[in-house]
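The sequence and structure are shown first.

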Amino acid sequence: MKIQAYKTNKPFNKYSRNVFLCSLLLGLAACGGENITSEEQDPDPVVVDVPIAVIKRDLSVEDADMQRSITEPALFIPGASLIIKARANASAAEVDITADVFADRVDEDGERLPIDVKDLESSYDGSRLIFSMRAPEDEDADDDEQPTWNIWEYIVETKELRRVIGSNIVAEAGEDTGPVYLADGRILFSSTRQRGNQAVLLDEGKPQYAGLEEGRDVHASVLHIMDANGENIQQISYNQSHDLDPLVTPNGKIIFSRWDQFSGNKGVHLYQMNPDGSDLELLYGRHSHVDSNGDNADIQFTQTRVTPDDRILVALTPFEKEELGTDFVAIDVANYIDNFTPIASADSLSGPAQEKALFDNIDIEAEISPGGYIAALYPLFDGSGRQLFSWSQCRLLAPLPADAEEDAVRSIVPCDEQNLNDPEFEQAPPLYGLWMFDPEEGTQLPLVVPQENFAYSEVVAVESRPFPADPETTIDSTETALIDAGMGIIHIRSVYDFAGEDLSPAGLVNMADPTQVAVDDRPARFLRIVKSVSIPDDDTLDLDNSAFGRSRDQLMRELLGYTPIQPDGSVKVAVPANLPFALSIVDAEGKRISARHENWLQVAPGETKTCNGCHNGSNNSDITFRPHGRADAEAPSINLGAPSTGVPFPNTNPALFTDLGETMAETVTRINGVPNLTPDIIFEDVWTDPAVQTPAESYELAYADLSTALPITQSCAQTWTSICRTVINFPDHIQPLFELDRSIVDVDGMVVSDNTCVACHNRFDADNVLQVPAGQLELTGNPSPADADLLTSYRELLFNDVEQELVDGALLPRLVPVFDNNGDPVFELDEEGEPIVDPEGNFIQVTQQVPVASSMRVNGARASGRFFAVFEEGGSHEAWLTPAELKMINEWLDVGGQNYNNPFDAPTN
């Protein structure tokens, strides 16, 4: 059979549009009606002088046809080999360069055990290949003793194959995947090593371990960089779930797929950053997980490639798809941040940003895609616009006739509309071949003829392409003190800026003027920095689920500290570098007034990270979907800054003179220096001009004012450093507030009033007589009768309950009679619907328990008004808790109301 290029007269899309015709090869039955066998071929009419490398999978090996897992990047799928073809045509021979690797790992018949290979990439000069490879499964080893994924390199000219990390101990210390070359020859990859995270744990006084991703199933795999010889491994991304599939773009930026799981699974989006770990930001896709009808869908963005015209190719990979193959799209990331959301400077565009990369009739939403599936896609950089791709046609298994023999084989038929709509036809096994698409000629050229039981999961060209440029870093190398301290700076131009809209209560100009808006009328008073806590695996610490308390959405959190928000809403403060943190805006009492910031930020040492403002991701308002989190996509800042140079902001302290365009935070830090965080809320009115009006009173909400155990070390309470953490555990720091003696005595030492919480909120009175706890709320520190792993107070505060009453010396749920909508009593009925009577012949009225709503909510202090109302001015418990105590309760609730926020303080199984 002679193989020829198939030419179509049907139109291709802007990138490479084609409505696929089933019969692509002359002489082949439609849509794989016959098996395609590998025979001797005449030379191809189209000569392509570029070598290609492919990962070939033997589908006869069990599970070899599985789709790569987003959630489990270290998943071992046996049956792969790395093949090189000297020329990209069907007649070129296949050379398996991994055939002799792990040759000593054999089965009982002496056959080499199957290996796995993935994440194939070539160097910019075409001289090398780099990929991840894993040795065969060891049946005699436990799961944690199995071989790990290692990074390997193949030098084309010398045919040398080597593992990049020479040391076995170092190589096996993590699951290393997704390698690509940086322009300087270093290697960027994803790994579970978590080198930086583990160093932070050591600073925090914890053991070193690799943390689990936020779903708590496998270790988080994040971005690292190492030298070409495998040394000097450094972590550069600090997500708490996976950062995968890194790609270096022509401008030197790294694009990668980030699994956002802050407060639950938000999906996999495209992010970008510099190779030095600076300038991390969302690139695309936060609100693009939707199907063709606009409904939420399991569509994730993975396997990035850059095209010669600077568009991004991505695979639309579902979490739940198990079989190999999906669809690819080309994304215009230069002009869009979501599929139908252009960047602010291109707001006349309406989308879509995504276009089919190949065939319009590939439909991953359908049970069976009429256009088949694509497993891999690679654009050539030779100026031709051609693409290499691995693709399986749509094939169906026809039903057997009613009189078919018992051993009859179902025939494979085309995926025409009639067959697709017939439920008797089922999807046939995939048949992947390797192809080249030429948009100029409108042809598809077969490079590897499809064979049953084989598939090609990845392909690259071994060609030269432009080296990436050096990206502009946001690290200031002159900030040596900042770098040496392991700190960076965040600068927010205004927390009242929501996607270019001024949401301040009086307008930003008035907010900045102390004569127009008083201090107490400014809602946003402090910025709180919250840090994630890495959750250990069961081998490190067998943690009981009760450690997380009411909800596991927030896992565990620590506080790094606070800094004041200036009158115009601006903030500039030094924060610890190389760790994951999030921002919260709080009021004067320390209650969060913003929605939770639901993605992890980071700064590199010496970096200044600037953003315009905030983003409300808590609802479906128009603001939610506006561009945010990407500097070149956002609307211009609403904070224009100082109107002139050398004079103060209008009606402010003349000692704080401005430079043109400065925010108030930039002005005060230029004169007084960039502050560090503080563990306490500390306010001083530096902006009011004493010659115009009296400055607002200074105040502190300090841990030192607590009479119970501090959630921070004494040294950090006195002098904050970058390794200081506030860790609030309910049993250790909140429960003691309820048990603290708050009795009031007269001059003779006699108790005249006892405001101790557990004195009244207790099932026993002072004489140890059973009682109904005050307000149906028990705050004792005994194990809860409903859940012995939680304290009674925790359970009572955060879970709905029922009213209790004393009945014959016992506390029992209070029962009340039930009435229908007409006010008539509802009686108990038997199975036949007849009323049930008591021994005296009276109907028995239905009763029900009386619900009691929880006093607190894990979504924050402001959502817990039922608890705090009694402590407010005029409330029944006014001044019974101190401002410092209330501030600590606010903090604890705002970060999630966990039972414990340090896993090593919590009980274990």
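Strand S5 (116-122) gives five residues to the lining of the largest cavity, the largest share. The model is predicted: local features need pLDDT of at least 70, side-chain atom pairs count only at pLDDT 80 or more, and totals for chains, interfaces and linings use all residues. Residues are numbered from 1 along each chain as its sequence is written, and side-chain values use heavy atoms, with hydrogens and water left out. Helices (H or I, at least four residues) and strands (E, at least two) are DSSP runs numbered from the N terminus.

On a 1 Å grid over the protein atoms alone, a cavity is a set of points where a 1.4 Å probe fits but cannot get out; a pocket is an open set with protein on both sides within 12 Å along at least five of seven lines, and lining residues have an atom within 4 Å of a point. A volume is the space filled by probe spheres set on the points, which are joined across faces, edges and corners. The count comes to seven cavities of 30 Å³ or more. Among the 38 residues that line the largest cavity, Arg 68, Asp 119, Asp 245, Gln 303 and Glu 458 are the closest to its centre. Strands S9 (176-181) and S13 (243-248) are among those that each supply at least two lining residues.

In the second largest cavity, the residues nearest the centre are Phe 262, Val 530, Ser 584, Arg 596 and Asp 894. Two or more of its lining residues come from each of strand S34 (526-532) and strand S37 (581-586), and S37 has the largest share, three residues.

The second largest pocket has Asp 143, Asp 144, Glu 175, Val 218 and His 219 nearest its centre. Its lining comprises 14 nonpolar, ten polar and 14 charged residues; Ala, Val, Leu, Ile, Met, Phe, Trp, Tyr, Cys and Pro count as nonpolar, Asp, Glu, Lys and Arg as charged, and the others, Gly among them, as polar.

| Space | Volume | Lining |
|---|---|---|
| Largest cavity | about 660 Å³ | 38 residues |
| Second largest cavity | about 90 Å³ | 13 residues |
| Second largest pocket | about 1100 Å³ | 38 residues |

Elsewhere, three strands form an open antiparallel sheet in the order S26-S25-S27, where strands pair if DSSP finds at least two bridges between them. Strands S26 (412-413) and S27 (426-427) each have a single partner strand, so one side of each is left without a neighbour in the sheet. Two bridges join S25 (residues 396-397) to S27, and Leu 397 has Glu 426 as its bridge partner in S27.
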